[in-house]
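Here is a friendly briefing to read with the model open beside you. Have a look at the structure below, and then we will walk through its core, its loops and its pockets.

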Amino acid sequence: MSLQDYTKRMKRLIRRFKSFLYWYTKFSSELLKEDLSLLSKMRLAYYLPFWLYDPTFFTKKKIFIKVNGIYYRIVDLESLNILSPSFEPWMYKYFKPKEGDVVIEVGAHIGKYAFYAAKLVGKRGRVIALEPSPDTYEALTDGIKKNGFTNVIALNYAAWRENATLTLY
């Protein structure tokens, strides 16, 4: 390995380590404090260092965590951020589906709002969750199965104002 290749590799590892420290600190102070089951906390503490070595780790492994009684499959560290109580805290003030309602979520990701809605609308209601990313869609459907939701319909589609090919971020 050349010195230049070694330097690039070390810089990449340092960036990952800084990112890991940021996320680990964020989650130990917010998400890990109150909302996760003890088993989920232990899983995260165990698996986060693996992400440092391989950023695709969460997509290769099917790692579930339980937040407020609902299981979610983690696909990346951003998934953990989205499940954090500090992420869009205002949403629950406005998003209050009632039993029997039909909810359509466009960009369902791993199901934070779709699963919340599924519990509220009950067996008489329906949740239609659209998620365009294949990996994230798989995590969404895994979460539906793990939670036993029969009132959630997941669709691997994107929604846009016209027919187009777009880049997902």
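## The core and what surrounds it

The largest nonpolar core has 30 residues, and Tyr 72, Leu 83, Phe 115, Val 127, Leu 140 and Ile 144 have the most contacts inside it. A nonpolar core here is a set of buried Ala, Val, Leu, Ile, Met, Phe, Trp, Tyr and Cys residues joined through side-chain atoms within 4.5 Å. Please keep in mind that this is a predicted model, in which local features need pLDDT of at least 70 and side-chain atom pairs count only at pLDDT 80 or more, while totals for chains, interfaces and linings use all residues. Residues are numbered from 1 along each chain as its sequence is written, and side-chain values use heavy atoms, with hydrogens and water left out.

- At least two core residues come from each of helix H4 (57-60), strand E1 (63-67), strand E2 (70-74), helix H5 (77-83), helix H7 (112-121), strand E4 (126-130), helix H8 (134-147) and strand E5 (152-155).
- H7 gives the largest share of this core, six residues.
- Helices (H or I, at least four residues) and strands (E, at least two) are DSSP runs, numbered from the N terminus.
- Seven of the ten residues of H7 are buried, so this helix is largely enclosed by the rest of the structure; buried means under 20% relative accessible area, exposed over 50% and partly exposed in between (1.4 Å probe, protein chains only).
- The buried residues of H7 are Lys 112, Tyr 113, Ala 114, Phe 115, Ala 117, Ala 118 and Val 121.
- Beyond its neighbours within four places in sequence, Tyr 72 is in contact (heavy atoms within 4.5 Å) with Ile 63, Phe 64, Ile 65, Val 67, Leu 83, Ile 110, Gly 111, Lys 112 and Phe 115.
- In soluble globular proteins, nonpolar side chains tend to be buried together.

**The chain as a whole**

- The chain comes to eight helices and five strands, following the pattern α-α-α-α-β-β-α-α-β-α-β-α-β along the sequence.
- Of the 169 residues in the chain, 39% are buried.
- Among contacts between residues at least 6 apart in sequence, 62% join residues at least 24 apart.

**Backbone points to check**

- Most residues other than glycine have a negative phi.
- Asn 68 is not a glycine, yet has a positive phi of about 50°; Asn 68 sits in the loop between E1 and E2 and is exposed, with a relative accessible area of 55%.
- His 109, also not a glycine, has a positive phi near 55° and lies in the loop between strand E3 (102-106) and H7.

**The largest pocket**

- This pocket has a volume of about 300 Å³.
- Its lining consists of Asp 76, Glu 78, Ile 82, Gly 107, His 109, Glu 131, Pro 132, Ser 133, Thr 136, Thr 167, Leu 168 and Tyr 169.
- On a 1 Å grid over the protein atoms alone, a pocket is an open set of points where a 1.4 Å probe fits, with protein on both sides within 12 Å along at least five of seven lines, and lining residues have an atom within 4 Å of a point.
- Thr 136, one of the lining residues, is found in helix H8 and is buried, with a relative accessible area of 9%.
- Not counting residues up to four places away in sequence, Thr 136 touches Val 75, His 109, Ile 110 and Glu 131.

Conventions. Grid points are joined across faces, edges and corners, and a volume is the space filled by probe spheres set on the points.
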